[in-house]
Amino acid sequence: MATARTAPAGPASAGAATAAPAAPVALRGVGRAFTAPDGGTRDVLRGVDLDVAAGEIVAILGPSGCGKSTLLRIVAGLDHPTSGEVAIDEAPVRPYDVRCAVGFQEPRLLPWRSIEKNVALGLPRGTARRDGRAQVARLLELVGLAEFAGHRPHEVSGGMAQRASLARALARNPEVLLLDEPFGALDALTRLKMQDLLLDVHAAEPTTVLLVTHDVDEALQLADRIVLLGTDGDEPGAGIRQTVVVPGHRPRDRGSAELAELRGRLLDGLGIDRHGAARGIQATTTIPHYPY
Ligand SMILES: Nc1ncnc2c1ncn2[C@@H]1O[C@H](COP(=O)(O)OP(=O)(O)OP(=O)(O)O)[C@@H](O)[C@H]1O
Ligand SMILES: [Mg+2]
């Protein structure tokens with residue numbers, strides 16, 4: 001695992017004055033149990049061990065309900081593990097850890113504030129007004145929203161709102177960016193464009209990224225590594241079932257035979273019948289619900 005911080009590569013960022021650092025993340029034996037309605041406990045996660053290198057993009061795939069969001073929330077300090085530990089840059093995660101920024105499926109913008117002011121909400125506390133203005137302008141430029149700074153969220157498209165949400169997360173200057181199905185609510189074409197944008201943003205500000213997605217192709221396009229989360233037989237609690245290193249450099253050829261082969265393996269790992277289309281059933285790369 002790389003422990004050194006990576007300096008931003010920089011040239012693609014629109015006049016970046018502030019560096020977005022990247023920090024390694026280490027999960028050791030992470031488990032999370034919740035209280036069940038009958039008063040007992042239910043293991044959701046169990047024994048998750050994962051090292052994410054500084055600047056790496058790791059995608060997390062797994063059936064609905066297997067604990068992907070819970071895992072992300074634990075890394076962000078929005079929830080706590082019931083066993084094991086999580087460290088960012090070798091220091092334990094703290095509640096609402098300021099080293100992390102989280103992006104969700106829905107943009108969660110304040111409707112009465114302009115796009116610019118929504119992005120400014122992500123700035124770290126105590127940012128000087130002038131620095132903040134410059135930072136927001138730079139991020140709006142980076143996500144292609146400079147011309148829409150004064151618009152309200154209802155005056156922009158869903159994809160633009162999601163770009164604003166990404167800019168707000170980046171305004172925090174996070175060492176770790178946690179994205180929970182960030183493009184899940186977008187149409188297919190906008191989704192592809194957002195994937196490209198995320199890669200541009202990552203090239204400009206190579207922060208560490210943990211990305212939860214239901215889309216195998218999205219994971220293959222964006223990630224350095226893909227982690228499959230799931231249970232092992234009747235064992236309670238999900239853990240890492242498979243880790244796949246995605247070959248080649250980004251941006252990857254979406255039509256490459258190598259990725260197609262890997263896609264098949266991942267679908268097998270998720271228990272999805274990839275020959276459904278041949279039998280007249282609509283083939284899908286999204287993942288079914290977890291059986292509880
Ligand atoms: N605060 C909580 N209290 C009790 N149970 C919870 C809590 N948070 C999550 N769970 C349970 O943990 C399990 C995993 O939830 P989680 O949201 O992490 O799944 P997920 O993999 O992100 O699913 P999806 O793909 O549908 O978003 C679910 O069964 C959920 O009901
Ligand atoms: Mg979830």
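Helices and strands are DSSP runs, numbered from the N terminus, and a helix has at least four residues. The exercises below concern a predicted model.

**Exercise 1. Determine which helix contributes the largest share of the shell around ligand 1, and describe the classes of residue in that shell.**

Solution. Begin with the members of the shell: ligand 1 is surrounded by Phe34, Val44, Gly62, Ser64, Gly65, Cys66, Gly67, Lys68, Ser69 and Thr70. Next, compare these positions with helix α1, which covers residues 68-76. This helix supplies 3 residues, the largest share of the shell. Finally, sort by class: 3 residues are nonpolar, 6 are polar and 1 is charged.

**Exercise 2. Characterise helix α3 by its span, its buried residues and what covers them.**

Solution. Helix α3 runs over residues 129-142 and has 14 residues. From first C-alpha to last it reaches 20 Å, close to the 20 Å expected at 1.5 Å a residue. Its buried residues are Gln135, Val136, Arg138, Leu139, Leu140 and Leu142. The elements covering them include α2 (115-120), α4 (158-171) and α5. Just after α3, Gly144 takes a positive phi of about 75 degrees.

Definitions and conventions:
Residues are numbered from 1 along each chain as its sequence is written. Chains are lettered from A and ligands numbered from 1 in the order in which they are written. This is a predicted model: local features need pLDDT of at least 70, side-chain atom pairs count only at pLDDT 80 or more; totals for chains, interfaces and linings use all residues. A residue is near a molecule or strand if its C-beta atom, placed from the backbone, lies within 6 Å of it. Helices (H or I, at least four residues) and strands (E, at least two) are DSSP runs, numbered from the N terminus. Ala, Val, Leu, Ile, Met, Phe, Trp, Tyr, Cys and Pro count as nonpolar, Asp, Glu, Lys and Arg as charged, and the others, Gly among them, as polar. The expected span of a helix is 1.5 Å times one less than its number of residues. A residue is buried if 20 or more other C-beta atoms lie within 10 Å of its own, exposed if 12 or fewer, and partly exposed in between; C-beta atoms are placed from the backbone. Two residues are in contact if their C-beta atoms, placed from the backbone, lie within 7 Å.
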